[in-house]
Amino acid sequence: MTRHESVRARGPSKAIISFRTSVLAALWLLAAAPIASSQTSLRTDTNIDAGWLYLERPLPHVADLDTVPAGAWRRIDLPHTWNALDPTDPVPGYRRDASWYRRTLDLRHAPRDARLLLHFEDANTVADVYVNGRRAGGHVGGYVGFDVDITPYARRNGRDRIDVRVDNTDDPELIPSDKSDFIIYGGLTRDVWLCVRPPVSIAHVAVTTPVVSRDSAATTVVTEIANPTHVHGPAMLTVALIDPRGRVVVRDSARVPLDANVPDTLRLPVIRAPDLWSPSSPSLYHVELSLRRAGAELDRARETIGYRFYSFAPNGPFYLNGERLLIRGTHIHEEAAGYGAAMANAMYRHDMELIKSMGANFVRLAHYPHDPEYYRAADSLGLMLWDELPWDRAGLGDAKWQATTRRLLAEQIRQNENHPSIIMWSLGNEVADVIDPANDGDPKAIARFMRQLDTLAHTLDPYRPTATRKFDAGASVVDVYSPSIWVGWYSAVYEDYEKALAAAHAKFPRFFHAEYGADALYGRHTEHPITGKGLQVDTGFAEQVGKKVANVARQGDWSESYQTDLMEWHLQVAERTPWLTGNAQWAFRDFATPLRPNNPIPYVNQKGLFTRDGKPKDAYYLYKAYWTDSPKFAYIVSHSWTDRSGAPGVAREVRVFSNCARVALSVNAAEQAERTRDRTSFPAQGLRWSVQFADGENHVVARCAGANETGVGDTLTVHYTHVQAGKADHIAMSSHLLPNGHVLVEATIVDAKGQRVLSASDRVYFGRNGDGRLLADLGTPTGSSIIEAANGRAAIEVEIPRGGHATILARTQDINGTRLRVDADGHSMSIP
């Protein structure tokens with residue numbers, strides 16, 4: 001059976017050693033903060049993120065730094081990017097240039113015969129590393145880690161100076177292209193480590209599991225030895241396999257020649273009844289290695305692996321460990337508001353925990369290899385990964401571009417391959433879209449090069465399938481393919497989803513659907529979103545069906561109401577389609593882009609389940625209701641929609657997203673009929689009620705009523721008016737103090753009588769005079785100086801020093817503006 005007849009993966013394969021736990025090692029470094037280090041008696045990996053200096057000048061040579069005054073450098077800690085804010089400021093574009101980083105190391109306590117390496121988890125996108133003014137190494141290409149051996153350059157006098165030049169200038173010879181719909185953040189955006197190694201050390205460990213079943217598993221360990229001083233003779237390599245309960249299940253040894261300069265392969269005895277890795281039970285094993293010579297241990301290392309077997313059956317579905325598993329997925333970009341790509345490891349872990357909490361079992365890492373913490377979290381949480389080469393758009397480059405792209409794929413696989421969470425190597429995304437004028441746009445030529453990448457991937461890792469998205473000419477090249485299906489947003493209507501899936505299923509034998517969804521501005525809602533047939537309903541008091549909407553992305557209202565309807569339709573179709581491998585919603589969190597200045601929040605793709613600063617939209621609770629069984633929860637739609645209107649006697653729908661078996665609802669203490677959750681009932685799985693709100697405040701209570709669901713519920717207060725608002729007349733402004741110490745200034749578009757115009761979606765522009773600053777460039781619902789109103793309201797956070805005052809201006813294209821004078825406690829007064 002050929003690979004294109006049945007795509008099967010047996011288990012993890014090669015990977016760079018990662019052996020880092022945290023202890024203090026302050027003796028080793030001169031730093032402004034405690035240093036986290038992982039160490040044995042033989043090797044140490046010490047985090048050196050603290051105590052760097054940063055110079056935002058694109059000086060070309062290290063000697064140029066001698067002319068820079070000390071005051072020009074700024075103290076920072078890593079991770080760091082110079083693009084934390086400018087991608088989402090009002091000015092088109094963002095900084096694509098070079099900067100310098102500097103740090104002093106105290107290496108006097110390192111063993112004299114030790115090798116000293118700097119490990120960079122990423123330098124985006126080109127790096128040159130200097131030690132005491134001499135170039136020690138570097139790297140071309142971002143998103144993957146690299147080592148620089150600084151041993152020959154270190155003086156070990158307590159003042160070894162490290163200078164790193166990082167450059168993210170647009171380079172047509174390097175992926176990803178500047179045509180990409182995401183930000184190519186510049187800087188040292190991930191951790192940096194000082195790695196101390198013995199003279200003879202374990203340089204690289206690759207673990208393959210070529211045959212895995214429920215009954216047994218085979219394991220092969222390939223070890224590379226670093227021996228730069230050319231020590232002669234044999235050594236003994238011992239490998240122990242430790243199961244998830246901490247028991248040694250296999251121990252084996254082999255004599256290895258230290259001077260052979262070839263990897264050593266050790267096939268471990270087969271283990272019986274392995275604990276298989278899966279989303280429901282992410283069982284992890286550890287491989288511990290010890291290298292000894294003449295009775296003395298030279299080095300030791302440890303790696304984490306997992307056993308699993310899976311296949312994409314011809315024409316579906318997907319099987320994991322012998323059982324059908326529907327892939328329920330999302331996508332994520334490595335970035336967040338105020339941080340860009342320079343996020344802390346705890347933030348990456350938190351992302352993956354939130355994804356797991358909504359019941360997902362799959363994450364596509366878009367559109368490049370991510371921080372190592374994402375992979376560690378996926379391994380331990382049980383999230384399957386699509387790991388993507390950053391070939392994104394622009395077509396096929398020249399010979400230099402091709403060589404660099406092949407190298408980056410090889411480095412990506414070598415770095416990440418041991419993670420059991422990775423189930424696919426993606427060879428790129430939309431590679432034939434938006435062709436660069438200097439590149440080859442011929443689909444046949446692009447497919448030929450993709451075949452080279454496919455061959456390389458399968459040579460380096462025979463056990464995982466390859467994939468790509470939105471390049472039909474390459475569908476027969478890779479093992480798993482996703483065409484572009486955006487029904488209900490960029491094309492067609494969402495009720496066409498089942499038909500679109502059937503067409504793709506017939507055309508592509510190993511079909512997986514990556515990317516579907518809709519943009520939504522947090523807090524924007526409508527009583528009658530565009531229907532699944534593409535019909536626009538008048539959302540005013542008349543409520544009559546209007547004209548057909550040709551393109552929802554261009555003509556829709558970008559409301560959370562439509563987003564949840566579209567996504568729920570996709571969910572229901574996927575859950576009931578027996579042959580479907582699965583699909584993945586786009587995207588987990590809103591993210592910055594250089595290509596979308598006219599979005600409600602400029603330069604932000606707003607298809608996320610969360611805002612860029614982590615506020616959950618209604619859609620997050622929708623997925624949680626479909627994909628989880630516990631813990632039980634109920635969420636009244638919507639906590640960001642507490643102001644509604646309608647004529648007297650007009651009923652309004654109240655929905656509850658919940659994973660409870662039954663839900664009871666009351667409005668103003670009046671009990672409504674209890675509903676039983678029905679996964680085939682659209683929308684809200686049948687948990688919806690038609691109610692008539694009273695004029696004024698309405699108290700809504702949802703209570704789960706199934707077995708063992710006592711005490712689970714939600715409450716919401718809805719402010720309702722029977723009076724139809726008039727034409728937008730002016731902006732009413734108010735303020736209050738937030739728990740974080742900032743002041744939130746709200747601008748509400750009202751009619752001549754002061755009633756909020758809930759249909760208003762005007763673009764609101766905020767300005768400031770006086771003390772403090774606007775949180776203006778975060779690309780969030782309260783962190784953007786330019787933002788469309790959500791149901792007639794916009795807001796911005798202001799940071800005001802104690803004792804200070806700021807004057808905040810809010811205006812639209814048609815309303816000249818209103819000013820509000822605010823102090824640090826949130827007290828305010830209007831200014832005529």
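Arg-662 is partly exposed, its relative accessible area being 31%, where partly exposed lies between buried, under 20% relative accessible area, and exposed, over 50%, as computed with a 1.4 Å probe on protein chains only. The model is predicted, so that local features need pLDDT of at least 70 and side-chain atom pairs count only at pLDDT 80 or more, while totals for chains, interfaces and linings use all residues. Residues are numbered from 1 along each chain as its sequence is written, and side-chain values use heavy atoms, with hydrogens and water left out.

### Surroundings of Arg-662

Arg-662 belongs to strand 40 (residues 662–667); strands here are DSSP runs of type E with at least two residues, and they are numbered from the N terminus. When neighbours within four places in sequence are set aside, the residues in contact with Arg-662 include Glu-674, Arg-703, Cys-704 and Glu-709, contact meaning heavy atoms within 4.5 Å. The side chains of Arg-662 and Glu-674 are joined by a polar contact of 2.8 Å, that is, a pair of N or O atoms within 3.5 Å of which, within protein, one must be able to donate a hydrogen and the other to accept it, residues adjacent in sequence counting only if both atoms are side-chain atoms. Glu-709 stands 47 residues from Arg-662 in sequence, and the C-alpha atoms of the two are 8.8 Å apart.

### The disulfide

The whole structure holds 1 disulfide, defined as a pair of cysteine sulfur atoms within 2.5 Å. It joins Cys-660 to Cys-704 with an S to S distance of 2.1 Å, and the link of Cys-660 and Cys-704 is right-handed, with 80° about the S-S bond. Because Cys-660 lies in the loop between strand 39 (652–658) and strand 40, and Cys-704 in strand 44 (residues 696–704), the pair ties together parts that are 44 residues apart in sequence.

| Residue | Relative accessible area | State |
|---|---|---|
| Cys-660 | 0% | buried |
| Cys-704 | 8% | buried |
| Cys-195 | 3% | buried |

Elsewhere, 4 strands form an open sheet with antiparallel pairing in the order 18-17-20-21, two strands being paired if DSSP finds at least two bridges between them. Strand 18 (248–257) and strand 21 (296–305) are the edge strands, each pairing on one side only. Strand 17 (residues 234–242) and strand 18 run antiparallel and are joined by 9 bridges, and Thr-238 has Ser-253 in strand 18 as its bridge partner.
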